[in-house]
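Please read these points with the model open beside you.

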Amino acid sequence: MRVNARRYQIQAYYHALSQVWGAQHWWPAQSRFEVIVGAYLTQNTAWTNVEKALANLREARVLNAKRIRRISLSELERLIRPAGYFRQKAKRLKIFVEYLDKRYDGSLAKLFALPTNKLREELLNLNGIGPETADSILLYAGNHPVFVVDAYTRRILARHGILPEKAAYEDIRELVERALAPVAQSGPAASKVALQWEGGLRGAAHSPSRMSKAKRSTLAQVYNEMHGLVVGVGKNHCRKSQAKCDGCPLQNFLPQSITENRNS
């Protein structure tokens, strides 16, 4: 499939999913710092486990940089234990707060005022932050226009014959970003369906939160919505062990060879 055809396909996915499922209200959080903590905790675990750990932090009133700075490492480990790899993640959260203090006087506003590429480079240099975590922080906490590539993205693009599942992270990110840029450039009307939908929860949608409703550029909002919609496809239909194509809004986009195999 040629590059332009791939981009048009991804644009079609965005519009199809938006029309069926509407706004996904990602990331579900009440503050930018909560998004950052969630981005660390969600590594190698299910979001349901992250929610338990976040609830513990919230109940202990330590879900902010000031309290994470002061809490003992052992107590932080205890609170985030439900998210798994709790010792490793507790150390990484401490490292992030130390970085925030030393470089930006503990200010997330100063941190996120950096140009996207420079901030992304700094985040990637921190222990425990890979491309997916860095981009989650950039997009959902900082409202920087970057697309988050996850396992669902890889699986869907591979099964639809757009890119191999083992394609490089940056190749996937660049393709999706370039594909969706025209959607944002055409103005708010292009994404109005996703932004104004008020039905029940569909796809991977969450109830609106302070961060999901935060003001952001149209481009960042489109990337935000697309990632949430992709997660919805991955969770409900394009599963790792067995795809459930019936009822999937992207079923009609499957390559003919795959469709024929499923029907034979």
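1. The largest pocket of this predicted model holds about 690 Å³ of space. A pocket is an open set of points on a 1 Å grid over the protein atoms alone, with protein on both sides within 12 Å along at least five of seven lines. Grid points are joined across faces, edges and corners, and a volume is the space filled by probe spheres set on the points. The lining has 25 residues, and Thr42, Gln43, Thr45, Glu132 and Asp150 lie nearest the centre of the pocket; a lining residue has an atom within 4 Å of a point.

2. Helices H3 (47–59), H9, H10 and H13 each give at least two residues to the lining of this pocket. Helices (H or I, at least four residues) are DSSP runs, numbered from the N terminus. By class, the pocket lining has 9 nonpolar, 11 polar and 5 charged residues. Here Ala, Val, Leu, Ile, Met, Phe, Trp, Tyr, Cys and Pro count as nonpolar, Asp, Glu, Lys and Arg as charged, and the others, Gly among them, as polar.

3. Residues are numbered from 1 along each chain as its sequence is written. As the model is predicted, local features need pLDDT of at least 70 and side-chain atom pairs count only at pLDDT 80 or more, while totals for chains, interfaces and linings use all residues; side-chain values use heavy atoms, with hydrogens and water left out.

4. How many cavities of 30 Å³ or more does a search of the whole structure find? The search finds 2. A cavity is a set of points where a 1.4 Å probe fits but cannot get out. The largest cavity has a volume of about 100 Å³. Its lining has 13 residues, with His160, Cys238, Ala243, Cys245 and Leu254 nearest the centre, and divides into 7 nonpolar, 3 polar and 3 charged residues.

5. The second largest cavity has a volume of about 80 Å³. Helix H1 (3–21), H10 and H13 each supply at least two of its lining residues. The lining includes Ile10, Phe147, Thr153, Ile156 and Val230. By class it has 10 nonpolar residues, 1 polar residue and no charged ones.

6. Helix H10 (residues 151–159) and helix H13 (residues 218–236) have axes that come within 9 Å and cross at roughly 75°. H10 is therefore roughly perpendicular to H13, a term for angles of 65 to 115 degrees. Axes are lines fitted to C-alpha atoms, for helices over the stretch in contact, and angles run from 0 to 180 degrees between N-to-C directions. Tyr152, Thr153, Arg155 and Ile156 of H10 meet Val230, Val231, Val233, Gly234 and Lys235 of H13; contact means heavy atoms within 4.5 Å. The contact has 5 nonpolar, 2 polar and 2 charged residues.

7. Two backbone details deserve a look. The peptide bond from tryptophan 26 to tryptophan 27 is cis, with omega near 0°, and tryptophan 27 sits in the loop between H1 and helix H2 (32–41). Asparagine 44, in the loop between H2 and H3, has a positive phi near 60° although it is not glycine.

8. The chain has a mean pLDDT of 91, and 91% of its residues reach 70 or more; pLDDT is the predictor's confidence in each residue, from 0 to 100. Over residues 188–200 the pLDDT is below 50, and this stretch has 19 contacts in the model beyond near neighbours in sequence. Where pLDDT is low, predicted coordinates should not be read in detail.

Terms used. Parallel < 35°, antiparallel > 145°, perpendicular 65-115°, else oblique.
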